[in-house]
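Walk through this fold with me.

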Amino acid sequence: MSAIITITDKFRNVFQRFSRFGTWFLEHQRRNLIGIFSIFVMIAFGATVLVSITPRPSNLPSTELNTPVSFGTLNKTASLTKSVFNKNNGVLELHYTISDGSVSDQDLVDISKIKFTAMTDHGDNQVTGRVVPTSNNTVVVQFKNLSHNFNAVTLTAHDKSINTATVEAPSSVVADSSNAKKTTANSNTANGKFIINRDKVSKSNTLTFATQKELEVNESNDKISAQQKLISKNTNAIVEYQKAIDQQQSSIKKYQKILAQSDDSDTQTSINNARDAITQIRTQVSDAQNNIQRAKTNISQYQKIKKQVEDGKSLLPKPTDL
């Protein structure tokens with residue numbers, strides 16, 4: 001019974017407090033409504049400010065690194081190999097490798113015919129950009145004064161080389177008219193579009209708006225380093241291939257001992273298979289040796305190019321503004 005009385009008293013106290021609050025609210029209704037309205041206004045204003053200043057990633061998917069993107073009508077592709085951003089000075093550096101699918105020598109492209117156009121979403125008219133050739137098949141696209149909270153940068157690669165397959169030379173007016181639709185269809189090109197989101201780029205506090213000479217030297221160093229890694233991998237492969245040959249030769253000796261005691265045809269087959277395996281491995285050794293020699297030749301060439309650049313004798317086109 002006492003428990004019921006206690007619960008009833010608690011409800012009565014809550015009701016009395018709520019009643020007093022209602023009376024107080026009505027007595028100060030004007031002031032309270034103004035206060036509530038002010039709170040909502042402040043919330044709305046704060047949300048607007050946060051939306052405007054808080055960095056937001058682009059709603060477009062960022063182009064992945066080392067993914068060939070086709071552009072133009074001559075089977076060329078561009079791959080974004082590195083993207084670095086320094087938020088302190090607004091410098092963004094994008095590295096591209098260009099490949100020509102129509103020729104066997106992938107390391108030689110007429111880099112002067114490769115152009116880029118760009119669009120940024122922050123920075124207004126202060127943002128500047130340029131395309132810097134760094135070798136016969138690589139370029140660096142640089143931006144400066146880019147906002148530290150930019151959402152995304154969109155770049156599009158263009159090939160200015162002429163594709164004669166898309167050039168029409170009609171023999172008559174009738175032929176010209178009938179080929180009009182074909183010309184429109186043939187003029188379509190791969191878009192070559194790259195999207196670089198702020199949240200996908202590497203960050204660097206030391207990145208600067210480097211000169212073409214610095215970028216060319218860095219590119220040569222990167223290519224030399226890559227060839228040295230190639231030599232190291234092929235050298236290690238030759239060591240493993242030699243171990244495999246030794247294993248096969250050891251197996252042949254064991255099989256020959258067995259064969260000397262019996263005329264088992266399966267044993268002779270195993271010997272033949274081991275000998276075939278040795279022949280194949282030696283071919284792999286030869287391929288690896290050729291890879292090493294080719295890499296050494298490439299290193300020698302890159303070192304010559306680096307020396308030319310350092311001496312101020314670069315043969316590449318000058319940077320072009322975006």
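Angles under 35 degrees count as roughly parallel, over 145 as roughly antiparallel, 65 to 115 as roughly perpendicular, and the rest as oblique. Axes are lines fitted to C-alpha atoms, for helices over the stretch in contact, with angles from 0 to 180 degrees between N-to-C directions. The model is predicted: local features need pLDDT of at least 70, side-chain atom pairs count only at pLDDT 80 or more, and totals for chains, interfaces and linings use all residues. Residues are numbered from 1 along each chain as its sequence is written, and side-chain values use heavy atoms, without hydrogens and water.

Start with helix α5 (residues 212-261) and helix α6 (residues 265-310). Helices (H or I, at least four residues) and strands (E, at least two) are DSSP runs, numbered from the N terminus. The axes of α5 and α6 come within 8 Å and cross at roughly 165°. The two helices are therefore roughly antiparallel to each other. Their contact comprises 25 nonpolar, 17 polar and eight charged residues. Here Ala, Val, Leu, Ile, Met, Phe, Trp, Tyr, Cys and Pro count as nonpolar, Asp, Glu, Lys and Arg as charged, and the others, Gly among them, as polar.

Now the pockets. A pocket is an open set of points on a 1 Å grid where a 1.4 Å probe fits, with protein on both sides within 12 Å along at least five of seven lines; lining residues have an atom within 4 Å of a point. The largest pocket has 21 lining residues, with Ser135, Asn136, Gln301, Tyr302 and Ile305 nearest its centre. Helix α6 gives the most to this lining, seven residues. The lining of the largest pocket divides into six nonpolar, nine polar and six charged residues.

The second largest pocket is lined by 13 residues; Thr81, His95, Thr97, Glu219 and Asp222 lie nearest its centre. Strands β2 (76-86), β3 (91-100) and β6 (138-144) each supply at least two lining residues, as does α5.

Last, the rings. Three aromatic pairs occur (ring centres of Phe, Tyr or Trp, its six-membered ring, within 6.5 Å). Phe85 and Phe150 have ring centres 5.0 Å apart and planes at 75°, so this pair is edge-to-face (over 60 degrees; under 30 is stacked, the rest tilted). Phe85 sits in β2 and Phe150 in the loop between β6 and β7 (152-159), 65 residues apart, so the pair links distant parts of the chain.
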